[in-house]
Every structure is written in C-alpha cells, then in structure tokens.
Amino acid sequence: MQSRAQTLFRSGLRRYNRLMTQKLYYEPAGFTSALPGALPLGGSRTTRFTTAICCRRSASGVEREILSAEELPSEVKAALTKPRPDLAGVSMTRPSIMGIVNVTPDSFSDGGDRFDSGRAVADGLAMWSAGADFIDVGGESTRPGSEPPTLEEELRRVVPVVKGLASQGVRVSVDTRRAAVMAEAASAGAAIINDISALTSEPEALSVAAESGLPVILMHMRGEPRTMQVAPRYDDVVLDVYDYLAQRIEACQEAGIALSRLCVDPGVGFGKTAAHNVELVARLAVFHGLGCPLLLGVSRKSFIGKFSQGESPKDRVAGTLAVTLAGVLRGAQIHRVHDVQEALQALALWRAVEDAGMERPAPATPRAEDE
Ligand code: 9MG
C-alpha cells in the first residue's frame with residue numbers, strides 16, 4: 001500500500017513530467033517566391049517560405065516563436081523542403097487538381113447528379129479532358145449525418161465507374177473506407193486509394209492497401225460522417241490533427257506502406273467547426289513537416305457559406321477558389337474540387353503571377369537610408 005505522501009509525490013512527478021515534456025512543430029510562414037533565401041515548400045517550384053513559427057506544446061499550452069528559415073534545425077529544414085516523389089506519376093512540384101465524381105444518390109454538393117454510372121463516367125472523362133490530374137470516384141456520401149451504403153451497394157456504384165474511366169487512360173483515385181472496395185477498385189484499374197478514415201475503418205484496410213502497391217491518401221476525420229459534426233472539440237485543432245496524421249503515417253510504415261506512397265489531408269469539414277476549418281487552412285503549411293504531399297479538399301463545403309452569405313453548395317465556387325488559392329500559397333500539392341475548369345483557370349493565373357515574380361531580378365537589400 002502506498003502512503004499518502006508517496007501517492008502525492010508520484011502524482012506530482014507525473015505532472016512535472018507532463019509539464020516538462022514538450023513537442024515541437026514548425027509552421028512555415030512568410031510565403032514568397034521572389035526573395036533571396038526563401039526555401040521551397042515541400043520541394044515546390046513556385047511556393048517558398050522565409051520564416052517559420054516554432055510551436056512548443058506542453059501540458060501548460062502552446063508557446064510560439066518566430067524563426068527565420070535559415071535558423072531551422074537541419075532535419076526540420078530537410079523535412080519541410082525536400083522534393084516529394086511523384087504520386088501515381090503526377091509531379092508534386094506544382095499544384096495538381098483532383099476532380100470529384102460522387103456516384104451517390106444524396107451527395108451534399110451535386111445532389112446525386114452522377115448516380116447513374118454512364119453519366120459518372122462521362123463527367124469524369126470531361127474533367128480529365130479539361131486537365132484534371134486525378135478523378136476521385138466515391139460511392140459513399142460523406143455528408144454530415146449520412147449512413148454508409150451496404151458493401152454490395154458501394155461495389156455496385158464504384159467498380160463500373162473506376163473500370164470505365166481507367167480503361168480509357170484516366171488516373172482514378174478510389175474514395176472508400178472499405179478494404180474490399182479498395183481491392184476491387186485496384187483490380188479495376190484505380191491508381192490511388194483515398195480513405196477519409198486514414199485506413200482505420202476496417203482492420204484489413206492497412207494490409208489490403210499495402211498489398212495493392214498503390215499510393216494512399218490519409219485524411220483526418222473526427223468520428224464518423226453520421227456523428228462527426230456533433231460539437232467537435234480540440235485542444236489545438238492544427239496540432240491535434242498533425243499528431244493524428246503522424247500516428248497514421250507510422251502505422252502505414254509499420255504495415256509496409258512507404259512514406260513515398262503517402263499523402264496527408266487535414267480533412268476540412270470532417271468533425272470540425274467553420275472556425276476550425278479556416279484555422280486549418282491558415283496554418284496548413286505545418287503539415288509539410290510530415291514529409292509527404294498534402295491534399296486539400298474544401299470544394300463547396302458548408303463553411304464557405306458560413307463565412308459568406310449562406311449560399312447553397314453549387315453557389316460556393318468563388319469561395320472554393322479563394323480558399324483553394326490560400327492552400328496553393330501554403331504549398332498544398334493536390335486540390336480536390338468539383339469545378340475543375342474553374343480551378344484550372346485560377347491555378348493558371350496564380351502560376352503566371354508567381355512566374356512573373358520569379359523572373360524579376362531579386363530586389364537589392366535596402367540600404368539603411370532607404371528604410
Ligand atoms: C471523400 N472526400 C470528401 N471530402 C474530402 C476531402 O476533403 N479530402 C479527401 N481526401 N477526401 C474527401
């Protein structure tokens with residue numbers, strides 16, 4: 001039996017250890033392509049950063065300090081800047097576009113327009129011809145409050161569309177949480193697995209994904225689509241999501257999925273309030289510390305209406321483009337969107353402006369009397 005003094009000593013020690021245990025996170029900031037000394041974010045050709053916010057997290061909270069990019073520890077600088085390998089043959093040195101094809105009767109964003117598989121294939125082909133780099137095919141509605149279809153129904157929705165697109169040379173990503181759908185879609189020609197549950201929904205998902213040899217997108221979600229919007233709470237939404245994704249990367253590596261096959265996604269709209277969503281986008285660059293490409297999916301999501309005039313999903317295109325470009329600035333490599341042509345136009349103009357900035361001679365360091 002422990003004496004009261006021993007118990008108090010032990011709990012004091014635990015508290016002391018907790019207070020003394022610090023975790024460090026580095027959030028790139030000061031984005032610019034034109035300044036000398038700016039470092040490439042995730043190996044990007046166009047997105048660079050000049051400073052980073054060092055977040056020191058302990059039981060007593062988070063302290064922040066601003067460092068110049070040059071002051072970063074070498075292993076942090078390497079993780080934040082090293083070029084990412086191509087994902088399914090797509091270069092990660094420039095932003096890419098993933099078009100969305102929901103083969104569901106009740107999608108929040110397109111109201112089930114593509115429930116018919118012929119229509120889904122035709123629309124996927126049109127997005128591909130317009131210039132999308134990936135077409136994401138999903139058979140489960142992830143609208144808050146929705147129930148998943150049966151496995152048979154999900155297979156019936158997804159597999160013919162994956163086959164129809166892949167057989168015409170389209171790079172298809174399969175949006176599913178189910179191991180059997182991953183396996184069937186891989187056999188039907190899918191090139192990527194996109195799992196909103198980061199391979200946690202089914203125990204076999206990790207090994208099936210590993211054996212498929214395909215790249216995997218690991219997304220953060222709090223809870224299930226059915227319940228995820230019930231009062232979501234975090235200590236620090238960005239750092240909590242970061243820790244979760246770091247754990248999932250570790251689990252994937254232990255299961256035989258190399259970092260070069262992974263892409264991470266903070267899961268905007270999945271178990272987050274509107275304020276959480278914009279904070280995740282504002283501080284998105286911290287996720288480059290995980291060492292793999294980032295996917296951002298904000299297309300037509302409800303927080304856009306909340307920060308604007310309450311528009312319905314199909315009227316949230318301008319807001320989608322604004323947040324997508326905020327993600328491009330922070331170096332997100334893949335952007336999952338419904339409106340492919342509009343997103344490509346926004347990216348083309350973004351790139352033209354950035355390239356013009358890079359071509360200018362670097363500004364001279366100001367002399368003291370100029371300041
Ligand atoms: C399926 N799905 C719906 N929204 C998504 C998002 O933001 N990211 C990813 N990876 N998948 C999503």
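**Close-up views of a predicted model**

**View 1. The shell of residues around the ligand.** In this predicted model, the ligand is surrounded by 13 residues, of which the closest are Asp175, Ile217, Met219, Asp265 and Gly297.

**View 2. The packing of helix H3 against helix H4.** Two packed helices are described by the angle between their axes and the distance between the axes. Helix H3, which spans residues 117-130, packs with helix H4, which spans residues 151-166, at an angle of about 35°, and the two axes are 9 Å apart. The crossing in which H3 passes H4 is right-handed. On the H3 side the contact is made by Ser117, Ala120, Val121, Gly124 and Leu125, which meet Pro160, Val161, Gly164 and Leu165 on the H4 side. Of the residues in this contact between H3 and H4, six are nonpolar and three are polar, while none is charged.

View 3. Gln253 belongs to helix H7, which covers residues 237-254. Because 14 other C-beta atoms lie within 10 Å, Gln253 is classed as partly exposed, a class that falls between the exposed limit of 12 or fewer and the buried limit of 20 or more. When residues up to four places away in sequence are left out, Gln253 touches Ala258 and Leu259. Gln253 and Ala210 stand 43 residues apart along the chain, and their C-alpha atoms are separated by 9.2 Å.

Key
Residues numbered from 1 in each chain as written. Predicted model: local features only at pLDDT ≥ 70, side-chain atom pairs only at ≥ 80, totals over all residues. Near = placed C-beta within 6 Å. Axes fitted to C-alpha atoms, helices over the stretch in contact; angles between N-to-C directions. Helix = DSSP H or I, 4+ residues; strand = E, 2+ residues; numbered from the N terminus. Left-handed = near helix turned anticlockwise from the far one by under 90°. Contact = placed C-beta atoms within 7 Å. Nonpolar A, V, L, I, M, F, W, Y, C, P; charged D, E, K, R; others polar.
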